[in-house]
Amino acid sequence: VNKNYDKGVTRMYHADKEEPALKKFRFDESIARIARAYYGYPVFSSYLAFQSNKQSECGTRGYHVDGWVDEFKAFLYLEDVSVENGPFAYLKGSNHAYLKRFKRMLHKFEGKEPSTSFSTKEAGEYAKSEKILSGKAGTLILADVAGFHRGLPQKGKNRSILFNNYYSKDVEMFFEK
């Protein structure tokens, strides 16, 4: 696992609290409706984050899942994103890799914190189905982040995105009261 994978990455959680106009994206009912239809039960925006990735030679984290519960994300490119500035990549069908994720999660019951990262070898056949999602500013990507995904490296220039996290509970995460 690349330990330097977040070098050059800056995140602002709850960006809508700093810029109220972002609440429109955070609480966009059409996105929430798609997420609810996907899972078949209610989901809620837990937080909206702004992320800036600077050009870096460190590479990226590699394939990973965001956690061990159902989580849906809406990514919004704030500028044009090509293979040169780190597009989102997803291993098609890996959201159905239940056994691979379950085996990894078993480490939690052994008293260890299980890694959410997966090597290309661990991703197995799914690694052959990587979809790289480049796009113009304003491109919206909706993803089940229980599937294996990654951001490609920032080779040629920086990029910024907004991402909105949806969970099954109506709670705000990462917010100190």
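Let me start with strand E8. With five residues, E8 gives the most to the lining of the largest pocket. One caution before I go on. This is a predicted model.

So how much space lies in that largest pocket? About 760 Å³. A total of 42 residues line the largest pocket. Closest to its centre are Arg11, Gln51, His64, Asp66 and Lys73.

Which elements give two or more residues to this lining? They are strands E1 (9–13), E2 (44–53), E3 (72–77), E7 (149–151) and E8 (159–167). And E8, as I said, gives the most.

For the largest pocket, the residues divide into 18 nonpolar, 14 polar and ten charged.

Stay on E8 for a moment. Asn165 lies in this strand. Is Asn165 buried or exposed? Its relative accessible area is 0%. The cut-off for buried is under 20%. Asn165 is therefore buried.

What does Asn165 touch? Leave out residues up to four places away in sequence, and the list is Phe44, Ser45, Ser46, Tyr47, Glu71, Phe72 and Lys73. Lys73 is one of the residues closest to the centre of the largest pocket. Phe44 and Asn165 are 121 residues apart along the chain. Their C-alpha atoms are separated by 8.1 Å.

On to the second largest pocket. About 230 Å³ of space lies there. Its lining has 14 residues. Nearest the centre are Asp70, Asn95, Tyr98, Arg101 and Ala146. The elements giving two or more residues to this lining are helix H3 (29–39) and helix H4 (98–109). H4 gives the most, with four residues. By type, the lining divides into eight nonpolar, three polar and three charged.

Where does Asn95 lie? In the loop between strand E4 (88–91) and H4. The relative accessible area of Asn95 is 13%, so this residue is buried as well.

Here are the contacts of Asn95, again without residues up to four places away in sequence. Asn95 touches Tyr38, Tyr90, Arg101, Asp144, Ala146 and Gly147. Two of those names, Arg101 and Ala146, also lie nearest the centre of the second largest pocket. Then there is His149. Asn95 and His149 are 54 residues apart along the chain. The distance between their C-alpha atoms is 9.7 Å.

Now step back to the whole chain. It holds five helices and eight strands. From the N terminus on, the order is β-α-α-α-β-β-β-α-α-β-β-β-β.

Next, overall dimensions. The C-alpha atoms fill a box of roughly 45 × 40 × 30 Å along the principal axes. Does the radius of gyration agree or disagree with a compact globule? A compact globule of 177 residues would come near 16 Å, and the chain has 16 Å, so the value agrees.

Burial next. Of the 177 residues, 40% count as buried. The accessible surface comes to about 10000 Å². Carbon and sulfur atoms account for 55% of that surface.

Last, contact range. Take contacts between residues at least 6 apart in sequence. Of these, 88% join residues at least 24 apart. The contact between Asn165 and Phe44 is an example, with partners 121 residues apart along the chain.

That is the tour.

Key:
Residues are numbered from 1 along each chain as its sequence is written. This is a predicted model: local features need pLDDT of at least 70, side-chain atom pairs count only at pLDDT 80 or more; totals for chains, interfaces and linings use all residues. Side-chain values use heavy atoms; hydrogens and water are left out. On a 1 Å grid over the protein atoms alone, a cavity is a set of points where a 1.4 Å probe fits but cannot get out, and a pocket is an open set with protein on both sides within 12 Å along at least five of seven lines; lining residues have an atom within 4 Å of a point. Grid points are joined across faces, edges and corners, and a volume is the space filled by probe spheres set on the points. Ala, Val, Leu, Ile, Met, Phe, Trp, Tyr, Cys and Pro count as nonpolar, Asp, Glu, Lys and Arg as charged, and the others, Gly among them, as polar. The radius of gyration is taken over C-alpha atoms; the globule rule is 2.2 Å times the number of residues to the power 0.38. Buried means under 20% relative accessible area, exposed over 50%, partly exposed in between (1.4 Å probe, protein chains only). Contact means heavy atoms within 4.5 Å. Accessible areas come from the Shrake-Rupley method with a 1.4 Å probe; for residues, only the protein chains shown count as cover.
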